[in-house]
Structure formats: C-alpha cells, structure tokens
Amino acid sequence: MASQNLLLLPGDGIGPEIMVEVKKVIAWFNEKGGMSFETDDGLVGGSAYDAHGQSISEEDMAKAMAADAVIFGAVGGPKWDDVPYEVRPEAGLLRLRKDMELFANLRPAICYPALADASSLKKDIIEGLDILIVRELTGGVYFGEPKEITDLGNGQKRGVDTQVYDTYEIERISKVAFELARTRNNKVCSMEKRNVMKSGVLWNEVVTQTHKAGFEDVTLEHMLADAGGMQLVRWPKQFDVIVTDNLFGDMLSDVAAMLTGSLGMLPSASLGAPDAKTGKRKALYEPVHGSAPDIAGTGAANPIAMIASFGMALRYSFEEVAAADMLDKAIANALDKGLRTKDIAAAGEATVSTTEMGDAIVAELDALSA
Ligand code: NAD
C-alpha cells in the first residue's frame, strides 16, 4: 500500500483520550496489517482557541485539505462557553466541513450481537441490523436563504427558514448512496416529503433520474420521511442504504443510531466530491458523540465510536474492506467477551477503562491475524 496521510485532530474533552486508542489501532495496521499510514497531529476546537485564538489555525486547515483523510475526535466544553461566537469550538468543525465541501454524511447503524439486549427494541427486531444512512450535509433548510426573524411591528415576530435544493446537490448525494449500496446489499430507499414540499418533489424526480442514468442494477424505493421514521422503529432490517436530505437525515440518523445503543458506539464519515484528477474524495471521520466534558479525564470514555470511525476510513477512503471488516470483527469480539465501558454496561456489570477497551480491541486484532 502506498503511504497515506492521516491528519489527527483530537479536539477537546474526551477527544484526546479516545484518539490515543485509535493511534494504537493505526500502529497495529502499520506494523502487522501491511499498511503505511503517516500521521500528523493538529488542534481544533477549544484546544486550538487556547493555542491560537482560532478554532482551527490556517496551518491545520491546509493540512486537512491536503490529507488523505482527517480523523476527528470531538470539540467543545464549558471552558469555552464565553468565547466569541466566530471562534467557538464548533466553528472549527463547521469550517472543515465547509472548506472540504463534505456534502455526504454517512452514519451506519450496526447492532453488535453482544449488545442486542441493550436496545430499547425487541432483540429479534434489532439483532444483526446493519443499515447506512446517507444524509445530505451542506444544503437544505439549515443553509437556505432567507433565514431570519423579522419584527412584524404588531407585537408579533416571524421566523423563516428556507428549504432549498438544486438538481446537482440531489444528484451527487444520490450517486454516493447508489455507489455505497453496490458495496453492500444493493438497495437504496430515498426519503423526502413530496406530498407537501416542492423540494421533496424535485428530490424524488432527481433521485429517480440518477437511478435510471446508471444505477438500475441497484434496487430503489421511495418513502415519505415520516413513514420512514415509523418503519425504522417497526422493522429496521428492511433497509440497506437510506438517502435523505439534511433536516430529515439529522433526525432519522439519530433515530437509527439509538436503535443500537450508546452514543459511544456510533461512528460517522463525511465525504466530498471525487477529485477530478485522482478520483479521491476529501473525507473526515468522527464519532457521532461530543466531547463529553462530564466524563473527560476519568478514563470512562468508550473509544469504540472513534475506533470504528477509523474503520470507516479504511473502508471508504482506502478501499481496505477486508481490514475494515477485521476491525469491526475485533470490536465485536471484545464485546462478545463481555468487555464493557460504563456507558454500555448493564447495572452491576463490571466495567473497563478507555485504555483497557482500546488494548482489548488491539489484542483481538492480534488474535484474528494469528
Ligand atoms: P456528548 O455527546 O458530549 O455527551 C452526551 C452524553 O453521552 C454524556 O453523558 C457523555 O458522557 C456521554 N458520552 C458521549 N460520548 C461518550 C463516549 N465515547 N463514551 C461514554 N459516554 C459518552 O454531548 P453533550 O453533552 O450534549 O455535549 C458536550 C460538548 O460536546 C458540548 O460542548 C457540545 O457542543 C459538544 N459537541 C460536539 C460535537 C462534535 O464535536 N462533533 C458533537 C456534539 C456535541
């Protein structure tokens, strides 16, 4: 494997603690998995503000733009509650998403067998679940203009957000969904609200056209997003890849994620457009959770979401599918042996620390490669 550059941005709170565990996994793949990752560290969020007065420095931004993948921890915490809005910790993450044009957010919901009992749904509904939500991340109602609160002058105010999508935005996200489906169970369900929203009518049309224009081998179905939410909790295993807009994706991916347990288990990937010359997409991988200031420094953080985010990098940036499968299996095996950080432990069950969980996953990699 040619050498690949990873920029590691641990961030704040538990970010640096879980990044230590990912570094062990990267080192394992370099030493024993035949890979060649070169890593560089940078600062983002509150830690960058403390060092540079910015939530990410220009130097680290340039490194992120040049990296083969960015591995991101989490940002924020009460320490920075009063810093100016433009340099608040989250601004660093938003700048990365914007400058790297990361329009596709991928959130898998996978149920590890050992945790099937921990779901709020019945075991047979959740056991073996493996779905992927592809959410449009840079358009829609979170960004559309006008976006304002106006004073109507009669004691009333009016809040306006605008849901807006252009053809190219829908086309590129649906292509990502179809391409990913081909590497999985070859099925895409597109969700919108075409019954009440014009943007939903266009979404439906463009997804259908994109499907006809080169992805007819993939099974496509359409579902209204509210019905989709219902189906996700009724029988989630009917889905493979779900593609949806920014707003619906925000909600549906949280619903899907919680089917499978703790925030500490959930990885994500954000991808940009393929480079015209190399075909490689800019990419950032991060756990879904935040910086968990309430447990930072206590050794209680679950490193699995962070480690599984690196697994997504193996799968989606480096096409190392066998290595990604192996890492997922190592995580599953550690869980099968009963290892639990506090967030996934049942009442009274023994728990392990962040470091112990990281070490156990590395030991499982050793066992799998023996
Ligand atoms: P959070 O995700 O940090 O924590 C929510 C709860 O889940 C907490 O009780 C926490 O202890 C627990 N938790 C989270 N990750 C865990 C893990 N890996 N292992 C064990 N338990 C874990 O959300 P919050 O408390 O709402 O926010 C805390 C800070 O994080 C805020 O400053 C917020 O702005 C920021 N935040 C950042 C991101 C990001 O960097 N992408 C995302 C969400 C929140």
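Predicted model: local features only at pLDDT ≥ 70, side-chain atom pairs only at ≥ 80, totals over all residues.
In the side chain of Glu-90, an N or O atom is placed 2.7 Å from an oxygen atom of the ligand. The side chain of Glu-286 has an N or O atom at 3.5 Å from a nitrogen atom of the ligand. At Ser-291 the backbone is involved instead, with an N or O atom 3.1 Å from a ligand oxygen atom. The ligand taken alone exposes 800 Å², and the protein buries 67% of that area.

Several features of the backbone were examined next. The peptide bond that joins Glu-145 and Pro-146 is cis, with omega at about 0 degrees. Pro-146 belongs to strand E6, which covers residues 144-151. Positive phi values in residues other than glycine are found at Glu-101, where phi is near 50 degrees, and at Asn-186, where phi is near 65 degrees. Both residues are located in loops: Glu-101 in the loop between H4 and strand E4 (104-110), and Asn-186 in the loop between helix H6 (167-182) and strand E8 (187-192). Glu-101 counts as exposed because its relative accessibility is 53%, and the cut-off for that class is over 50%. Asn-186, by contrast, counts as partly exposed because its relative accessibility is 25%, a value between the limits of 20% and 50%.

The largest cavity holds about 40 Å³ of space. Its lining is formed by Gln-163, Tyr-165, Glu-192, Lys-193, Met-197, Ser-199, Gly-200, Trp-203, Asp-245 and Phe-248. Helix H7 (residues 198-212) provides the largest share of this lining, with 3 residues. In terms of residue class, the lining of the largest cavity divides into 4 nonpolar, 3 polar and 3 charged residues.

The largest pocket contains about 890 Å³ of space. It is lined by 32 residues, and those closest to its centre are Leu-180, Thr-183, Met-312, Arg-315 and Tyr-316. Two or more lining residues are given by each of E4, strand E5 (130-136), H6, strand E11 (267-274), helix H10 (304-316) and helix H11 (321-336). The lining of the largest pocket has 17 nonpolar, 5 polar and 10 charged residues.

Note on methods: Residues numbered from 1 in each chain as written. Heavy atoms only, no water. Polar contact = N/O pair within 3.5 Å; in protein donor to acceptor, adjacent residues only side chain to side chain. Areas by Shrake-Rupley, 256 points an atom, 1.4 Å probe, with all protein chains shown as cover. Helix = DSSP H or I, 4+ residues; strand = E, 2+ residues; numbered from the N terminus. Buried < 20%, exposed > 50% of the residue type's maximum accessible area, 1.4 Å probe, protein only. 1 Å grid on protein atoms, 1.4 Å probe; cavity = no way out; pocket = protein on both sides within 12 Å on 5 of 7 lines; lining within 4 Å. Points joined across faces, edges and corners; volume = space filled by probe spheres on them. Nonpolar A, V, L, I, M, F, W, Y, C, P; charged D, E, K, R; others polar.
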